[in-house]
Amino acid sequence: MDLQAIIALLVEDRDLAEPLNIIGNEVRERNAIPRNLNYYEETIPQYLGDLFVQHFRMSRECFGELSTVIGNNQRLQNSTIPMQKKILFTLWVLAKPESFLAAGDRFGLARSTAHGIFKDVVAVFVELLNRYITWPNNHDTAIRAFHDKSGGFPGVIGAIDGCHIQMKQPTANANDYYNRKQVHSVILQGICNHKKLFMDIYVGMPGRVHDAHVLRTSPVYGHLVNNNNTIMPHNCHILGDSAYPLMENLLTPFRDNGHLNEDQIRYNVKLSTIRAVIERAFGQLKGKFRRLKYLDIAEPDFATEIITAACVLHNFTLMWGEEMHDNEAIIEGENNHQEADDNDVVADHQNGVEKRNFIVNILRH
């Protein structure tokens, strides 16, 4: 590729957070590019069935419901651009790795206008967090589903893990976001149920941080260490991998030192079978909203908003009954955890040890 082609690519894929050139007191678009004025007005109405889903990650009916839910938000009423055009543009940007400049051109939007619309709609989605990502009041269905899936593992209501979302090098404290895969990232901690619905998310910790530290920083940890746990009874638990501490309501596998007995191996296999649901949830999230494969922004706070918005939409579509097939998901295998330092190491809780041994005995029969 020659030098001019490389420069053209770099110009096209500039940071989402920097939409304008400012020269002196003059603000202008980087390039005067002919725009598609009819894509929203003429082309999208012709998208039927799977074609609409392919482009916007939800059916037209689901999109109609989403428009109804957020239609009265004042953020979306402040211009002559139709509200549904703003929502569709934002869904397009989240769903595709296409450059922001190209997406704005497709929808006939000036780049500065497109950037403002994207930020506004993302903020509206974030406001729906507590409506669509909630801790359930009843766990019976999840417990039965996980019990049947694992062949007898009792009391499971969900699984927890961390997921790295790669981003451009932040302008401040870049080293904190540099993870062991040698890329910059922010961490999404998620807890999901048997349907891959997120029950809890915690977003924004720097990629250099270990999963155990992320957990201790998150609000859900306060519930897990509270004897009066208000989110699940003592006989229920979520499942995590060996990066997490063993607790009464957070069960982890036996660490494989090469000397595990048959009962411990059986326990580990059953736990792994159902804990994988959180990896599939992350895979579907990234497969549905492929912008999360790489966020071309250098602002961690804005990255956190985008990730949160995508999680809200993930739940919204699942609640509408639109499940993505696993073969469309992006599955990246076991999470490449950061090495834990001395401050991250948390001793196993005695009540967690006792509960795990109790379940080992149950699974023996």
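How many of the eleven residues of strand 3 are buried? Ten of them are, so strand 3 (residues 156-166) is mostly covered, where buried means under 20% relative accessible area, exposed over 50%, and partly exposed anything in between (1.4 Å probe, protein chains only). Strands here are DSSP runs of E with at least two residues, numbered from the N terminus.

A word on the source: this is a predicted model, in which local features need pLDDT of at least 70 and side-chain atom pairs count only at pLDDT 80 or more, while totals for chains, interfaces and linings use all residues. Residues are numbered from 1 along each chain as its sequence is written, and side-chain values use heavy atoms, with hydrogens and water left out.

Now for the neighbours of strand 3. Two strands count as paired if DSSP finds at least two bridges between them. Strand 3 runs parallel to strand 6 (residues 237-239), with three bridges joining them, and here A159 sits opposite L239. With strand 4 (residues 185-192), strand 3 pairs in the antiparallel sense, over eight bridges. A159 turns up again in this pairing, with C192 as its bridge partner in strand 4, and G162 has Q189.

Strand 4 itself is mostly covered, with eight of its eight residues buried. That goes for both faces: S185, I187, Q189 and I191 are buried on one side, and V186, L188, G190 and C192 on the other.

Strand 4 also pairs with strand 5 (residues 198-206), antiparallel and over seven bridges; I187 stands opposite M205 of strand 5. The hairpin of these two strands has five residues between them, and there K196 takes a positive phi near 70°.

Technical notes: Helix = DSSP H or I, 4+ residues; strand = E, 2+ residues; numbered from the N terminus.
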